[in-house]
Amino acid sequence: MTSSTLKAGAMPSSAAADAALEKRTYAKVFWRLVPFLMLCYVVAYLDRVNVGFAKLQMGQDLGFSETVFGLGAGIFFLGYFLFEVPSNLLLNRVGARIWIARIMITWGLLSACFMFVKTPTSFYILRFLLGVAEAGFYPGVILYLTHWYPAHRRARIIAVFMSAIPVAGIFGNPLSGWIMDSFHGVSSMSGWQWMFLIEAVPAVLVGVMVLVYLDNGIAQARWLSAEEKALLQREVARDAAHGAKGPHSVAGVFRDARIWWMAFIYFAFVMGQYALTFWLPTLVKATGVQGNLNIGLLSAIPFVCAIVAMNLFGRSADRRQERRWHLIVPALMGAIGFTVAASYTQNTVVSLAFLSLAAAGVLTCAPLFWSLPTAFLTGTAAAAGIAAINSVGNLAGFVSPYLIGYLKDLTGSTQIGMYVLAGALVFGAIGVWLTPKQLVNR
């Protein structure tokens, strides 16, 4: 047997060993980080949107109008907007472990304080402070994942991570309904007060766990071998080389028109996302469903559909390395879902079926969207750029609930508001279609 034959035979063996190492390493990273980050986001999202469930009792107890509730739900995002970029830059400087723990503990304490709300003013102040406290968590996690995963793996990973949103709906809505029904009147407190108190506790506990469990980056991960660390660092460094086509400074981020284009697209998608998560219990109740637990159980169905869609689209986008149509299709699904559901508000089965389609669409848009800007952002510019896009886009979280509440007070129906949301999703789909595919298809 010649030396060339030996060499040829060795090459497949070496390639197979490299592939096995890569598969084993990324599996280890996934199981170490993603389920825990999902747990953090489930807790975060539950504390962010449980006000939508509290509304079923709270509005009646305190005499809040739909407009007051919509404004209070949305004002969270003003605090979020103002402190998002500074928070993400601080996370990039001090490390994810300390900063994410700080965020979770402070928002847990503030969320518990909602049990003391008596007036619209106190409601607005606490919602604003909750937004300040939570600012930086979501874009910080997106940034953190870019330190571990190259672009061609991110859509699936972010989709799995963001499955926390429907998971929070699946378990959180029935849990909120059960707490409000079961604890109402205990110790002279309303069910919604108990709900805020009980659901705040996990945020504080998980925040303490972050300090013990989370590593700031690959170099600090004692659960990885030297060989595994080298592979990950090599993959991330190779991916970062593509960032030459993106801005390289914080100032450059704000001068880059692509950042503002991404923010416009994200704004359109967030319009649908937060309208769904804040108003879903109210929309289900409007079809004639009675009882908070029943409303919670039925409200979980759209989120089950969303989990399936998010992960199917995420896997397909990474496998095909195609980003635009994997965003356009779910955006249009969301638009159709809102339009038809708005036309059958008195029919529980039809309304719930199309609210499920809407949920599958709008919640799929969120994780797949982030494969667009992270394709050309790296380093400090990524910290600032992701936060800037997220903060501007999340202003829709202020506009959307307030708009739905205002239009409901004005017209006595959520129908017009849902048509507006459908239009916003269509605009977002058009924005994605106009984005150059060579910029984002990686």
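Predicted model: local features only at pLDDT ≥ 70, side-chain atom pairs only at ≥ 80, totals over all residues.
Local features were taken where pLDDT is at least 70 and side-chain atom pairs where pLDDT is 80 or more, while totals for chains, interfaces and linings use all residues. Residues are numbered from 1 along each chain as its sequence is written, and side-chain values use heavy atoms, with hydrogens and water left out.

A nonpolar patch on the surface is formed by Trp261, Phe264, Trp325, Val329, Leu332, Val426, Phe427, Ile430, Trp433 and Leu434, which together have about 950 Å² of accessible area. Patch members have over 30% relative accessible area and no salt bridge, with nonpolar side chains (Val, Leu, Ile, Met, Phe, Trp, Tyr) joined within 5 Å. A salt bridge is a side-chain nitrogen of Lys or Arg within 4 Å of a carboxyl oxygen of Asp or Glu. Areas were computed by the Shrake-Rupley method with a 1.4 Å probe, and for residues only the protein chains shown count as cover. Two or more residues of the patch come from each of helix H12 (257-286), helix H14 (325-343) and helix H18 (415-433). Helix H18 contributes the most, with 4 residues, and Trp433 lies in this helix. Helices are DSSP runs (H or I, at least four residues) numbered from the N terminus.

The largest nonpolar core holds 153 residues, of which Trp107, Phe137, Trp148 and Phe369 touch the most other members. Such a core is a set of buried Ala, Val, Leu, Ile, Met, Phe, Trp, Tyr and Cys residues joined through side-chain atoms within 4.5 Å, where buried means under 20% relative accessible area (1.4 Å probe, protein chains only). Apart from neighbours within four places in sequence, Phe137 is in contact (heavy atoms within 4.5 Å) with Cys40, Tyr41, Ala44, Ile100, Ile103, Met104 and Trp107.

Thr146 is in helix H6 (residues 137-146) and is buried, at a relative accessible area of 14%. Not counting residues up to four places away in sequence, Thr146 touches Arg154, Val236 and Thr374. Arg154 is one of the buried residues of H7. Helix H7 (residues 151-162) spans 17 Å from its first C-alpha to its last, close to the 16 Å expected at 1.5 Å a residue; the expected span is 1.5 Å times one less than the number of residues. H7 is mostly covered, with 9 of its 12 residues buried.

Val85, in helix H3 (residues 66-94), is buried at 14% relative accessibility. Leaving aside neighbours within four places in sequence, Val85 contacts Phe254, Ala384, Ala387, Ala388 and Ser391. The C-alpha atoms of Val85 and Ala135 are separated by 8.3 Å, with the two residues 50 apart along the chain.

Methods: Patch = residues over 30% accessible without salt bridge, like charges linked within 9 Å, V, L, I, M, F, W, Y side chains within 5 Å. Buried < 20%, exposed > 50% of the residue type's maximum accessible area, 1.4 Å probe, protein only.
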